[in-house]
Amino acid sequence: DMSSALSLANIRSSLIRQEDTIIFSFIERAQFARNLPVYTPDAIPVPGFDRCGRRYSLLEYVLRETEQLHGSVRRYTSPDEHAFFPDELPPLVLPPITYPSVLHSCADVININDRILRIYVDDILPGLTAPGDDFNYGSSATLDVTCLQALSKRIHFGKFVAEAKFLSKPEEYGALIRAGDADGIMELLTDRRVERRVVERVRRKAATFGLDITENGALPPAGGSNGGGGDAEAGPRLKVSPELVARVYEDIVMPLTKDVEVMYLLRRLD
């Protein structure tokens with residue numbers, strides 16, 4: 001239901017749930033190696049080409065084909081979902097749903113998935129995966145799609161956040177919007193205290209979700225509890241680095257979300 005989508009409590013609970021989705025999708029992808037051929041056009045001869053005749057990488061191919069299926073069952077008619085290949089969506093096989101319009105119409109043209117895809121491949125994957133190649137190319141690509149969809153949804157949720165912030169301070173935002181003051185808008189919508197809390201929460205979630213749990217609780221630290229023959233300081237064995245997840249949120253997810261908010265707000269009075 002989109003009509004209550006703009007209550008700050010609903011936005012907050014949705015963003016918190018999306019943290020879980022992102023962290024679990026990272027944990028899944030981290031099972032497999034970096035697998036560079038998945039991201040290299042022509043390394044794997046997929047039957048897919050862009051409009052300039054460049055062959056897709058395996059990831060681009062799997063992502064586009066996934067969107068063909070998901071798009072046909074209405075995924076991208078929902079205002080909180082954004083396609084990576086928005087110009088190539090298929091006809092619907094289900095009748096369209098009319099969503100209550102809670103966002104300004106400028107929301108329809110804001111899509112930064114090209115940036116998200118590039119940053120995921122160049123900046124996130126190297127820290128998330130072990131270097132090297134284990135030949136699990138299909139598994140890697142399908143799990144990448146899950147990661148990308150979760151990141152895209154979280155970052156583009158900035159449109160809902162921005163609308164809620166605008167409605168809470170219409171005069172202050174209105175003056176900045178009319179002045180075209182992107183820096184002023186960024187300053188007004190930034191709450192460092194909240195950002196620090198989010199980073200700390202995702203760090204703690206990643207540390208918790210990433211534990212190997214046995215019937216007796218979490219596994220002991222690598223190297224045994226007495227430190228004999230191992231690094232007792234290493235802490236428990238984790239499936240994904242909590243520091244990596246915290247850095248992804250601090251340096252990528254939150255800045256990109258705020259970019260979406262500013263793009264939306266600059267056009268909010270059009």
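This is a predicted model: local features need pLDDT of at least 70, side-chain atom pairs count only at pLDDT 80 or more; totals for chains, interfaces and linings use all residues.

Student: Where is A43 found?

Tutor: A43 sits in the loop between helix 1 (8-29) and helix 2 (58-72). Helices (H or I, at least four residues) and strands (E, at least two) are DSSP runs, numbered from the N terminus. From C-alpha to C-alpha, A43 is 11 Å from L59, and the two are 16 residues apart in sequence.

Student: Changing topic, how many aromatic pairs are there?

Tutor: The count is four aromatic pairs. Rings of Phe, Tyr and Trp (its six-membered ring) pair if their centres lie within 6.5 Å; planes under 30 degrees apart count as stacked, over 60 as edge-to-face and the rest as tilted. One of the pairs is F24 with F209, which is stacked at 4.5 Å centre to centre with 15° between the planes.

Student: What does that pair tie together?

Tutor: F24 lies in helix 1 and F209 in helix 8 (residues 192-209), so the pair joins parts that are 185 residues apart in sequence. F24 is partly exposed at 41% relative accessibility, and F209 is partly exposed at 23%.

Student: And why is the pair of Y56 and F85 edge-to-face?

Tutor: The ring centres of Y56 and F85 are 5.6 Å apart and the planes are at 75°, so the pair counts as edge-to-face. Y56 lies in the loop between helix 1 and helix 2, and F85 in the loop between helix 2 and helix 3 (113-128), so this pair ties together parts 29 residues apart in sequence.

Student: Are those two buried or exposed?

Tutor: Y56 is buried at 4% relative accessibility, and F85 is buried with a relative accessible area of 13%.

Student: Now the whole chain: in what order do the elements run?

Tutor: The chain has nine helices and two strands, and from the N terminus on the order is α-α-α-α-α-α-α-α-β-β-α. Of its 270 residues, 46% count as buried. The C-alpha trace spans about 65 × 50 × 35 Å along its principal axes.

Notes
Residues are numbered from 1 along each chain as its sequence is written. Side-chain values use heavy atoms; hydrogens and water are left out. Buried means under 20% relative accessible area, exposed over 50%, partly exposed in between (1.4 Å probe, protein chains only).
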